[in-house]
Amino acid sequence: VADACIFCAIVAGDAPAQLVDSDEHTVSFMDINPFTPGHALVIPRTHSADLTEISDEDLQRTTIAARRLTRKMAETLEPAGFNILNACGAAAWQTVFHFHLHVIPRYEDDPMRLPVIPRGGDPDEIARIAGRIRGDE
Ligand code: 5GP
Ligand code: ZN
């Protein structure tokens, strides 16, 4: 349990939350600032700060719990689709440093929009960056 971690407090039952699913290793609850109706968060019970730190086992469990939640929502909320989102690092919008997957049910004409407009890339630039990731030369 990390000191002053709001999500650890939710796991411990020391902070209120609208729980929607849980198992031995994970807890799922409603986000207090929903992007769309039904927006929920899935977390491991064991604290880890982010994607770079979480164990393979807890990542697997959390991902499977997120899919279970999409199935529950599919039957109950009947959305048109889902986005599963993870923010890793403050620069990537992470604000709570206890790993979580956002499960965001999507509806036709809901207000959520991509914050960027993807544009046709320069193939040479893409190849150059791919080389850096692979560690070429
Ligand atoms: P992040 O930006 O780190 O990916 O997302 C953190 C999410 O946690 C935000 O969507 C925010 O609304 C949600 N959140 C922050 N504090 C609380 C809280 O105390 N309870 C609940 N249920 N959600 C929270
Ligand atoms: Zn925590």
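A pocket, as I use the word here, is an open set of grid points where a 1.4 Å probe fits, with protein on both sides within 12 Å along at least five of seven lines. I'm working on a predicted model.

**Pockets**

I went for the largest pocket to begin with, and its volume comes out at about 430 Å³. I counted 22 lining residues, with F7, D31, N33, L41 and V96 lying nearest the centre. Sorted by class, that lining has 15 nonpolar, six polar and one charged residues. I then asked which elements supply it: helix 1 and strand 2 each put in at least two residues, and helix 1 has the largest share, three residues.

Next I looked up the second largest pocket, at about 210 Å³. I found F35, N83, L85, W93, R106, M112, R113, L114 and P115 around it. Six of these are nonpolar, one is polar and two are charged.

**Cores**

The largest core has eleven residues: C5, F7, C8, A9, I10, A15, V27, F29, L41, I43 and V96. Helix 1 (6-12), strand 2 (26-30) and strand 3 (40-44) are the elements giving two or more residues to this core. Helix 1 gives the most, with four.

**I43**

What does I43 touch, leaving out residues up to four places away in sequence? My list reads F7, V11, H25, T26, V27, F29, T62, H98, F99 and H100. Back in the core list, I43 sits there along with F7, V27 and F29.

Notes. Residues numbered from 1 in each chain as written. Chains lettered and ligands numbered in written order. Predicted model: local features only at pLDDT ≥ 70, side-chain atom pairs only at ≥ 80, totals over all residues. Heavy atoms only, no water. Core = buried A, V, L, I, M, F, W, Y, C linked by side-chain atoms within 4.5 Å. Buried < 20%, exposed > 50% of the residue type's maximum accessible area, 1.4 Å probe, protein only. Contact = heavy atoms within 4.5 Å. 1 Å grid on protein atoms, 1.4 Å probe; cavity = no way out; pocket = protein on both sides within 12 Å on 5 of 7 lines; lining within 4 Å. Points joined across faces, edges and corners; volume = space filled by probe spheres on them. Nonpolar A, V, L, I, M, F, W, Y, C, P; charged D, E, K, R; others polar.
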